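Start with the contacts, then turn to the fold behind them.

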Number of protein chains: 2
Amino acid sequence: MKISTKGRYALRLLLDLAEHKNDGYIALKDIANRQNVSKKYLEQIIPILNRSDILSANRGYQGGYKLAKEPDQYKIGEILKLTEGSIAPVACLDHDPIECERAGECVTLPLWKGLYKVISDYLNSITLQDLLDNQRELYINNYVI
Amino acid sequence: MKISTKGRYALRLLLDLAEHKNDGYIALKDIANRQNVSKKYLEQIIPILNRSDILSANRGYQGGYKLAKEPDQYKIGEILKLTEGSIAPVACLDHDPIECERAGECVTLPLWKGLYKVISDYLNSITLQDLLDNQRELYINNYVI
DNA sequence: ATTAATCCCACCAAATCACTAAGTTTTAAG
DNA sequence: CTTAAAACTTAGTGATTTGGTGGGATTAAT
């Protein structure tokens, strides 16, 4: 029941891009250094995000990535669903309609459906911008500003 | 971000015991047959539950297991925490206080704390009895009774 | 032309998952 | 007192996932 590094790093990558959204294209090298994660591993995560209209990329010299939309347009749930493959707590909820033949008599199915709902409702109620705002508050509270 | 078979089977095992709570000690063999899971695998899951005051066991001929308490005294969150080891969505929340040195400046920490809260609040609001009641409703709705 | 970036493909070690095997111990019934 | 049937214990195991690394091809600004 853990979010993997793939999802967590993807989130930190996008947050890093959001924090530098006015600095043009940002190279993976810089993100890797700031976030202290492997650039090679980020290279593997990026194409998952790049497929959708999430990022805009520039190849070659002075290239890099930037967000395609404003930070408040990125729901955390969408990002995690892309990178984790699914945020459903049990595999049977990954297919709609449910394929499991025991579904009709399954005593635990309503439980998993409810859990899935609270998880996705929560994650889809929060955007990258919300996380940045919270961070700003933290800074203020800690007198870092 | 998936609940493993360990947690899911443990839940079904306890639900099976709850459904037969007036039938004395229930053998793993019978549970395995009814739930269509491997008895050998259940033998591996049982000791996790047996440590706490969750089950009462009887060894030897005509032995088996029964619930130590009424079904409404078992919170799903507690059962899953036991069998899954933890229901926290990220490892850093498994320790209290948080050991990660980046915690103070971590932009995503409030997100994970919030997610952890909605998950555990939900799972601790539901008991084995609730799942049984829901099942009864299903039966009524489907005219199985 | 050079440099610095993305992009692409393959590989790999370690951990976890989902069991299975082979027995030992305990207890009620005959 | 023997026997059958259950819980209990310990170890092993194949498949999959996780969390990366390495080597190079392609692209584009200087």
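A residue counts as near a molecule or strand if one of its heavy atoms lies within 4 Å of it. This is a predicted model: local features need pLDDT of at least 70, side-chain atom pairs count only at pLDDT 80 or more, and totals for chains, interfaces and linings use all residues. Residues are numbered from 1 along each chain as its sequence is written, chains are lettered from A and ligands numbered from 1 in the order in which they are written, and side-chain values use heavy atoms, leaving out hydrogens and water.

Around DNA strand C there are 24 residues. Leu28(A), Glu43(A), Tyr65(A), Lys40(B) and Gln44(B) come nearest. By class, this surface has 8 nonpolar, 10 polar and 6 charged residues. Here Ala, Val, Leu, Ile, Met, Phe, Trp, Tyr, Cys and Pro are nonpolar, Asp, Glu, Lys and Arg are charged, and the others, Gly among them, are polar.

Which part of DNA strand C belongs to sugar or phosphate, among its atoms within 4 Å of the protein? The share is 67%, and the rest belong to bases.

The side chain of Glu43(A) has an N or O atom 2.9 Å from a base nitrogen of DNA strand C. Arg59(A) places a polar side-chain atom 3.3 Å from a base oxygen.

Next, the hairpin. Strand 1 (residues 55-58) and strand 2 (residues 64-67) of chain A run antiparallel, joined by 4 bridges. Strands pair if DSSP finds at least two bridges between them; strands themselves are DSSP runs (E, at least two residues), numbered from the N terminus. Between these two strands lie 5 residues, and Gly60(A) in the turn has a positive phi of about 75°. Ala57(A) stands opposite Tyr65(A).

Definitions and conventions. A polar contact is a pair of N or O atoms within 3.5 Å; within protein, one must be able to donate a hydrogen and the other to accept it, and residues adjacent in sequence count only if both atoms are side-chain atoms.
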